[in-house]
Amino acid sequence: MNSKTKKLTIVGMLCAFAYMAAAMGRIPLVLFLKYDPKDIIIAIGGLIFGPLTSFYVALIVSLVEMFTISENGILGFLMNVISSCSFACTAAFVYKKKCKLSGAIIGLFCGWGCMVLVMLLWNYLITPIYMGYPREAVVELLIPAFLPFNLIKGGLNAAITMVLYKPIVAALRCAHFIETDHIKPKTGLNVGIILIALLIIAACTLLILSIKDFF
């Protein structure tokens with residue numbers, strides 16, 4: 001199997017796993033907002049192959065979602081693509097520029113921040129249209145609902161990606177889907193990464209509990 005075929009196979013697997021995560025892993029957090037872990041898989045694809053891979057996987061998965069499990073049509077499709085790409089493509093782009101452990105962490109944090117800002121703007125502009133809410137009502141929800149939701153979503157995505165990336169790359173390498181020279185150097189999991197991920201997950205958990213009490 002040549003390198004292009006291997007890459008297409010991996011991208012296909014990423015699309016399948018990301019769709020299953022979106023279809024089966026939805027967790028209600030606040031109001032009508034639900035978290036699903038598909039962006040973790042999309043980000044891992046980007047860290048392995050670059051930001052364009054994240055974009056293609058996000059596009060394909062969101063398109064399939066639109067025709068199967070989504071109830072929001074084309075606007076929901078656009079929202080999914082923008083949300084996934086603002087996190088995963090940003091993380092992959094930063095990591096591509098700095099292929100080190102610090103680059104991966106910085107990239108994931110940049111993706112987290114970018115997603116929060118982009119989705120606040122997107123919710124302000126588009127949510128009144130596809131949800132049928134008055135814009136004033138949406139503005140009132142930006143800080144108490146949309147902001148914490150996206151902070152939680154981005155935080156969980158970043159933390160879990162930190163933990164899963166290296167084992168997934170190692171498994172693909174053992175299966176000879178990825179050549180040694182295609183792997184970014186020194187991205188091994190260590191105690192520091194585990195601690196950072198656990199702290200982020202703990203902070204997100206506390207935020208979830210506070211939101212549940214608020215609403």
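**Salt bridges and buried residues**

I start with Asp-39, which has 0% relative accessibility and therefore counts as buried, the cut-off being under 20%. Please keep in mind that this is a predicted model.

What does Asp-39 pair with? Its salt-bridge partner is Lys-153, and the closest N and O atoms of the two are 4.0 Å apart. The two residues come from distant parts of the chain: Asp-39 sits in helix H2, residues 38-49, while Lys-153 sits in helix H6, residues 135-174. They are 114 residues apart. Is Lys-153 buried or exposed? Lys-153 is buried, with a relative accessible area of 10%.

How many salt bridges are there in the structure? There are four. Another one brings together the side chains of Glu-65 and Arg-26, at 3.1 Å from N to O. Glu-65 has 0% relative accessibility, so it counts as buried. Arg-26 has a relative accessible area of 34%, which makes Arg-26 partly exposed.

Next is the pair Asp-36 and Lys-38, whose side chains form a salt bridge at 3.5 Å, N to O. Both Asp-36 and Lys-38 are buried.

Now two residues of another kind. Back in helix H6 we find Asn-150. Asn-150 has a relative accessible area of 3%, so this residue is buried. What does Asn-150 touch, if residues up to four places away in sequence are not counted? The list is Trp-112, Met-115, Val-116, Met-119 and Asn-123.

The other residue is Val-57, in helix H3. Val-57 counts as buried because its relative accessibility is 1%. Setting aside neighbours within four places in sequence, Val-57 is in contact with Val-11, Leu-14, Cys-15 and Ile-42. Val-57 can also be placed against Val-81: the two are 24 residues apart in sequence, and their C-alpha atoms are 9.4 Å apart in space.

That is my part. Thank you.

Key. Residues numbered from 1 in each chain as written. Predicted model: local features only at pLDDT ≥ 70, side-chain atom pairs only at ≥ 80, totals over all residues. Heavy atoms only, no water. Buried < 20%, exposed > 50% of the residue type's maximum accessible area, 1.4 Å probe, protein only. Helix = DSSP H or I, 4+ residues; strand = E, 2+ residues; numbered from the N terminus. Contact = heavy atoms within 4.5 Å.
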